[in-house]
Amino acid sequence: MPDTALQELENLSEALADCYDRTVWLEDLMVHSAQIASEADILALLLETAQKLACAGAAIWARGRWLQEVPSWLAALPAPAKRLQRREEALYAVAFPGGWLALWGRSRPFSAHDQRIVNALAQMIGVSLQRLEDQALRERLQLEEHERTLASQIWSTLVPNHLPAPAGYTLLSSFRPARDLGGDFQLALGSWRVLGDVSGKGLPAAMHSGLLSGLVPIALEQPDPPKALASAAAPLLERAGAFATLAMVSFGQDGRLSYVSFGHPPLLVRRLDGRVDAFGATAPPLGLFDPPPAAMRQLELKPGELLLVYTDGLIEADRGGELFGLERLRQLLEANPEPEEFLEALEVAMNGFEVRDDLGLHIYRYQGVGSCD
């Protein structure tokens with residue numbers, strides 16, 4: 001066989017062998033890309049490719065940053081629209097969704113086959129990075145869901161869904177957080193019934209409401225409960241940039257009530273003649289200012305009269321920019337002398353209104369001295 005033909009045959013054999021090696025290498029890259037579990041794995045795969053292609057350096061830009069240190073000339077380059085070659089640095093760069101990779105410092109040009117290898121690697125890396133982001137998002141959501149479930153369990157032990165009626169009274173209530181956790185809370189402590197609302201929604205508000213619900217019993221044991229509660233709650237709420245409204249009412253069996261309202265919506269009393277009296281806040285919201293010296297007040301109910309305590313989620317319910325409002329609530333209470341009738345009428349009246357905040361509502365009816373619970 002002539003020398004020229006023999007040389008051509010040897011060259012063809014080498015090319016076929018090289019092509020086979022690159023094909024096997026590409027298959028190996030695909031296997032490795034499927035096993036990627038971190039950015040470090042991606043960088044290791046890129047550096048392995050750089051070594052096999054005899055490149056002096058390789059780097060990846062993704063997630064708005066370089067994943068490793070790069071030369072200043074490379075950092076100054078704009079991202080390629082698709083591919084980029086520069087003879088000065090023997091650079092070959094390829095874009096992929098969300099980033100690009102670069103290999104440089106090679107003694108010979110990138111062949112068409114080399115470029116196909118790098119192009120395929122870029123797509124694998126793009127897919128792997130997206131997969132890692134999706135996995136991280138799923139894990140974060142799972143962790144958040146676990147934390148919310150745990151917080152919900154803790155919150156439910158601190159904040160009961162239902163309260164017993166005070167002696168001599170009936171109590172109907174509605175207690176609905178805007179989410180699975182909320183900033184509204186309610187407590188029953190001896191003759192005291194408490195309804196509060198911490199600013200915000202969700203987990204942060206629920207955490208603060210849980211802490212506040214633990215402070216109230218301690219404050220009620222002090223000579224001046226409003227002052228004690230405000231002093232204890234202020235540092236907690238100020239650090240969180242939050243505040244709370246709170247209504248605390250002590251029910252006497254003789255119909256005499258003592259109450260304090262920290263910036264809470266007005267307490268409404270329906271008298272026997274249908275008149276509705278409003279009792280406004282006696283102190284500023286917790287976490288904003290100190291209460292005045294005489295924050296505790298008194299009012300009196302006659303048998304058959306109603307007391308309505310609620311959070312602002314009720315009167316701030318919205319229907320196309322129209323708030324449910326205090327006046328509408330007063331009219332409903334005026335027209336319905338029985339708690340059950342009032343709640344039914346309220347349900348109808350709220351049709352079409354969107355409740356965007358936590359909602360708590362207590363309606364008490366005084367039965368009179370000697371009445372059975």
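Guide: The model is a predicted one, in which local features need pLDDT of at least 70 and side-chain atom pairs count only at pLDDT 80 or more, while totals for chains, interfaces and linings use all residues. Residues are numbered from 1 along each chain as its sequence is written, and side-chain values use heavy atoms, with hydrogens and water left out.

S11 and S12 pair in the antiparallel sense, over four bridges; helices (H or I, at least four residues) and strands (E, at least two) are DSSP runs numbered from the N terminus, and two strands count as paired if DSSP finds at least two bridges between them. Within this part, Leu 268 stands opposite Ala 278 of S12.

The two strands belong to an open sheet of five, with antiparallel pairing and the order S6-S17-S14-S11-S12. Its edge strands are S6 (169-176) and S12, each of which pairs on one side only. Neighbouring strands of the sheet are turned by 15° against each other on average, direction ignored; here axes are lines fitted to C-alpha atoms, for helices over the stretch in contact, and angles run from 0 to 180 degrees between N-to-C directions.

Two helices lie across strands of this sheet. H8 lies across S11, S12, S14 and S17, and runs at about 25° to S11, where contact means heavy atoms within 4.5 Å. H9, in turn, lies across S6, S14 and S17, running at about 155° to S17.

Helix H8 (residues 326-335) has Leu 329, Leu 332 and Leu 333 as its buried residues, buried meaning under 20% relative accessible area with a 1.4 Å probe and protein chains only. Seen down the axis of H8, these buried residues fall within an arc of 95°, so they line one face of the helix; the arc is that of the directions from the helix axis to the C-beta atoms. An α-helix has 3.6 residues a turn, so residues three or four places apart point the same way.

The buried residues of H8 pack against strands S11 (267-270), S12 (276-279), S14 (306-310) and S17 (359-366), and also against helices H7 (312-315) and H9 (339-349).

Terms used
Buried means under 20% relative accessible area, exposed over 50%, partly exposed in between (1.4 Å probe, protein chains only).
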